[in-house]
Amino acid sequence: MAKLWCFLCIITFIQLFKFVISKRELLPTPPLPILPLPSFSQLKWQQRELIMFFHFGVNTFTDSEWGTGHENPAIFNPVGLNAKQWVDTAAEAAVSLVILTAKHHDGFCLWPSKYTRHSVASSPWKNGHGDVVQELVNAAKNHGGVDVGLYLSPWDRHDRRYGHNLPYNEYYLAQLQELLSKYGDVREIWFDGAKGSNAPNMSYYFSSWFAMVKELQSSINIFSDAGPDVRWVDNENGFAGTTSWSTINRTSLSIGNGSIMDYLNTGDPKGTDWLPAECDVSIRKGWFWHKSESPKKLSKLLDIYYKSVEKCSIKASSQRGGKDGDFGPENVIDRDHLRTYWVPRDEEKEGSWIEIRCNEGLRFNVIRIQEAIGLGQRIKRHEIYVDGKKVGKGTTVGYKRLHKLEEKVVKGQIVRIKFLKSREVPVISSIGLHYDPF
């Protein structure tokens, strides 16, 4: 009898297991991703949205933008340096990554490098025992929630090895190893091709530099004109292209190549590499502090901070898997802007729409759209309507697209976003209506 009872229990369990499996098979699956896709570290970088860049060094004490390389280290004596205040300010602005100019074009190193005397070790600051990089790293670690990145200028106006390919590249690699092995996790490192017109001819061994960086810090993002993780947007105004693909062909890129500026700005819908653009801009006219310069007006710096408009209903042209699926339009107004999303039926690769409805009426002048880029970048063309009137249009969306409308204030009850052309069925993670008082 006991054996029969066990046998019946096993049969019941198998039947129950089959029932659970069959129920799960009825749930719609997410759409296939479109290659290429971002890496984990690139997704993390994208979600930061804002990065703070600290330009600090001998230029701070000489009222210069580009130092000569002949500065006496004795001028560097920041007795009131408070890296905690830097990090606290970043955190208060919701910035989760700060980048420091560990070495700018003047060649002065903000850490006591073993490979040059032109560093904080030769300055009077803390009797030659100071280390700005370490102080920033310690402040970020103690705060929590703020990561550190570094800029190490390839152009060096001080070191005599500059202009001699092998010895200078060995010197630069040695300093990279110091910075990336001594100071813990570094989340982004900056490379650029900036140098003066009279600078000696110099070939940088970028491939060797990149390989060394990845060997020492596997989760780091490398920024340069050619990536390989983040690309320059081609200007220092803080603006991406009207069309901006995160995809591009890295084989077409090279650092310091002026002929690829437009390509860097727009990206490539047929690109084989995920390489999003980073927009850099100073809050002042220059990058370093100058007593004669004031910060730019708040209205210029608030392009992505707006008061959110909420408490509205969401409707869409269709939903993948029907109402029982997990891909409904309500996903675009939750707090997850990456892993939950609205997807229309496969038949609506083009022509699908999603709309916000509010009976009380809406007051806004900015419309935000975000794609779930974990499944690739898709949108090629879209339009925006308010109460049936077209108020905006655009091409790509990517991680986030902000439409700043021409009218100072737009009023309406129904906002519809139409996706007219897409590489595959749209996957929209978030939309929002905002009011920018500036």
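Modeller: Let's start with a word we'll need: a residue is buried under 20% relative accessible area, exposed over 50%, and partly exposed in between, using a 1.4 Å probe and protein chains only. This is a predicted model, where local features need pLDDT of at least 70, side-chain atom pairs count only at pLDDT 80 or more, and totals for chains, interfaces and linings use all residues. Residues are numbered from 1 along each chain as its sequence is written, and side-chain values use heavy atoms, with hydrogens and water left out.

Biologist: Okay, so is Tyr162 buried or exposed?

Modeller: Tyr162 has 6% relative accessibility, so it counts as buried. Tyr168 is at 0%, so it counts as buried too.

Biologist: How do I read a pair of aromatic rings?

Modeller: You describe a pair of aromatic rings by the distance of the centres and the angle of the planes. Rings of Phe, Tyr and Trp (its six-membered ring) pair if their centres lie within 6.5 Å; planes under 30 degrees apart are stacked, over 60 edge-to-face, and the rest tilted.

Biologist: And how many aromatic pairs does the structure hold?

Modeller: There are 27 aromatic pairs. Take Phe76 and Trp125: their ring centres are 6.0 Å apart and the planes are at 85 degrees, so this pair is edge-to-face. Phe76 sits in the loop between helix 3 (59–62) and helix 4 (83–92), and Trp125 in the loop between strand 2 (97–103) and helix 5 (132–143), so the pair ties together parts 49 residues apart in sequence. Helices (H or I, at least four residues) and strands (E, at least two) are DSSP runs, numbered from the N terminus. Both Phe76 and Trp125 are buried. The rings of Tyr162 and Tyr168 have centres 5.0 Å apart and planes at 75 degrees, so they're edge-to-face. Tyr162 and Tyr168 belong to one aromatic cluster, whose members include Phe191 and Trp209.

Biologist: What about a charge over a ring?

Modeller: That means NZ of Lys or CZ of Arg is within 6 Å of the ring centre and within 35 degrees of the ring normal. Here, the charged end of Arg416 sits over the ring of Trp353, 3.5 Å from its centre.

Biologist: And the backbone?

Modeller: Most residues other than glycine have a negative phi, and most peptide bonds are trans. Asn127 isn't a glycine, yet its phi is positive, about 55 degrees. Asn127 lies in the loop between strand 2 and helix 5, and its relative accessible area is 70%, so it's exposed. The peptide bond from Leu35 to Pro36 is cis, with omega near 0 degrees.
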